[in-house]
Structure formats: C-alpha cells, structure tokens
Amino acid sequence: MGAAGTAVIPRTRRHTGRFALGVAVIAVPLLLALLGPVFAGEPGARATSFTLGDGHWLGTDFVGRDVWQQVLHGGRPVVLTALGAGALAYLVALPVGLIAALTHRRWLEELLMRPLDVLIAIPSLLLILLVASVFTPGAVGLALLVALANVPDAARLVRAAATEAASRPVVEALRLQGETWWRTAVGYVGRTILRTLGADAGTRLTGVLYLVATAAFLGVGVAPDAADWAVMVDRNRTGLFVQPWAVVVPALLIIALTTGTNLLFDAALEKPGRRRGRKERRP
C-alpha cells in the first residue's frame, strides 16, 4: 500500500501543479484582455514621448500616451482575433478531414485535399501579406486570413487521425448495423480523435497567437497607432533603451498567453497514473 501511494501521489501532484501553473501564467493576460477596457477609463492628455513619472507608472509610448492604458486596451484585439481564427480553422478542418477519411469515393477525397496541398505550400505569413497587399483587412479579415492559413495543417491532421480510427473493426461493425454516417463519424471517430485534437489545439493556438501578433506587428489588420500589444512592441521598440516598459510589458503578456495556453492543454491531456501505482505495489 505504501509503495502504491508513493507512486500515485507524486504524479497526481505534478498534474495538479502543472495545471495550477498554467492557470497562474495565463490568468494575468486573459484578465487584462477581457476586463482591461472596462477599467481603463478615459485617455488622459498626451505627454512627452518615452518618459517615466508624472503619473505614468509604466511611462509613455512613442506618441506620449500612457502605456498602462494602452496595455489595458491592447489585449482584447489579440485574444479575440486569435480565438476566432483558431475556432474558424477547426470549423472548416473538422468536416473536411472527417469526410476525406471516411468517404469511399476517391474523387471526393482528392477534391477536398488537393487544394489544401496548394495552400500548405505557401508560408502562412507570406499568404497573409499577399492577400493584404490586394485588400485591406480589418480585425475580422485578419482572423479569416489566419484561419485560412491554418486550415490545411489542421485538416490533414484530422484526416490522418480519423483514417486510423476508421480502419478499426468497430467502424465496419457500425456500417454493417446500418448506422448513419453522422453517428459513425461524430459518435465514434470524432470521440476517438478528441485527445489528438486537444494536443494539436494547444500547439495550434500558440501558432495562431504568434501569427496574429506578427501580422499586427507588420501592420496587417490594425491601424499603425492602434492599442494592440503586438503593435505596441513594434512602434515602441525605437525607445527600448530609453523607456523599456512600453515594449517589455506587452511582449511579456503575449509570451505568458502562449506559454500558459500550452501548459493548460498539457495538463488537461495528462491523466494521473493510477495503474502505474498498482503495478509498483509490493507485498
């Protein structure tokens, strides 16, 4: 009993600790992004660029605005755009991948997957910049572009995981029983690949955040002086050695958001190992 307890407890504690760490890391940027504009108040008069003090406890930015107010306003565009882009990518990738994996019509599979092979050959950021050079996307347009850039990878992953699940005897048994395609695809195959999708979602959301932040850094989808964490890093980097908080604080918030997201997904996918504890029991 003692050996089993010592095997189970440390692993359970590691799982709980990783989850708590993920919550602690992601809480600050999420709270600032969601509630920051509520507490930001009215913008004050502009001061001298890149200065500290005079009531600006994080200093001023490149045009003399209060950095703390910009931080409070700048998280919501990044978070909402990234979440929207990630959700849209899976909204398209899931049905495409499932249909391609479960269909018995070769032409339909080719019709669904070959255009995605063309898209996947184009680097994501290059695709966004090419479209942005023709059209001027806003926040919604940027979310659509980032989603489009992520659909090929996500659809290929769904198709690969669903193909493996669909090759199992239980799927053939469901077909012989006359179960509907929807019940087979969603009820069994969809549930089977949930852990794979969960693992991919954590990594993909990090990539989406990076892509949204990079596009905003390059001025795609946002105004040059917008209250946006990525824009703040770009526009204030000229004064990094004079007034570093205007760059360091938004950069750290973006890093905390991506790191916390990965920690939470890792903790959610890790199961506390009780079987291992039973195996290590000694008489």
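Reader: Why does the length of helix α7 agree with what you'd expect at 1.5 Å a residue?

Author: This is a predicted model, so everything here is computed from it. Helix α7 covers residues 181–192, and its 12 residues should span 16 Å at 1.5 Å a residue. The expected span is 1.5 Å times one less than the number of residues. The end C-alpha atoms of α7 sit 15 Å apart, so the two agree.

Reader: What makes Thr184 count as buried?

Author: Thr184 belongs to helix α7. Buried means under 20% relative accessible area, and Thr184 has 5%, so it counts as buried. Leaving out neighbours within four places in sequence, Thr184 is in contact with Val171, Leu174, Glu179 and Val189.

Reader: Which residues of α7 are buried, and what covers them?

Author: The buried ones are Thr184, Ala185, Tyr188, Val189 and Gly190. Their cover includes α2 (67–102), α5 (139–166), α6 (169–176) and α8 (194–217).

Reader: Why is Thr103 called buried?

Author: Its relative accessible area is 15%, and the cut-off for buried is under 20%, so Thr103 makes the list. You'll find Thr103 in the loop between α2 and α3 (106–120). Not counting residues up to four places away in sequence, Thr103 touches Leu108 and Glu109.

Reader: How do you know that the side chain of Thr103 has a polar atom within reach of the backbone nitrogen of Arg105?

Author: Check the distance: the backbone nitrogen of Arg105 is 3.1 Å from a polar atom of the Thr103 side chain. A polar contact needs a pair of N or O atoms within 3.5 Å.

Reader: What is the phi of Phe50, and is Phe50 buried or exposed?

Author: Phi of Phe50 is near 55°, which is positive in a residue other than glycine. Most residues other than glycine have a negative phi. Phe50 lies in the loop between α1 and α2. With 16% relative accessibility, Phe50 counts as buried, given the cut-off of under 20%.

Reader: And why does Leu35 count as partly exposed?

Author: Leu35 has 41% relative accessibility. Buried is under 20% and exposed is over 50%, so 41% falls in between and Leu35 counts as partly exposed. Leu35 is in helix α1 (residues 2–40).

Reader: Which residues make up the nonpolar surface patch?

Author: Leu31, Leu34, Leu35, Val38 and Phe39 make a nonpolar patch of about 520 Å². Patch members need over 30% relative accessible area, and Leu35 has 41%.

Key: Residues are numbered from 1 along each chain as its sequence is written. This is a predicted model: local features need pLDDT of at least 70, side-chain atom pairs count only at pLDDT 80 or more; totals for chains, interfaces and linings use all residues. Side-chain values use heavy atoms; hydrogens and water are left out. Helices (H or I, at least four residues) and strands (E, at least two) are DSSP runs, numbered from the N terminus. Buried means under 20% relative accessible area, exposed over 50%, partly exposed in between (1.4 Å probe, protein chains only). Contact means heavy atoms within 4.5 Å. Patches are made of residues with over 30% relative accessible area and no salt bridge: like charges are joined within 9 Å, nonpolar side chains (Val, Leu, Ile, Met, Phe, Trp, Tyr) within 5 Å. Accessible areas come from the Shrake-Rupley method with a 1.4 Å probe; for residues, only the protein chains shown count as cover. A salt bridge is a side-chain nitrogen of Lys or Arg within 4 Å of a carboxyl oxygen of Asp or Glu. A polar contact is a pair of N or O atoms within 3.5 Å; within protein, one must be able to donate a hydrogen and the other to accept it, and residues adjacent in sequence count only if both atoms are side-chain atoms.
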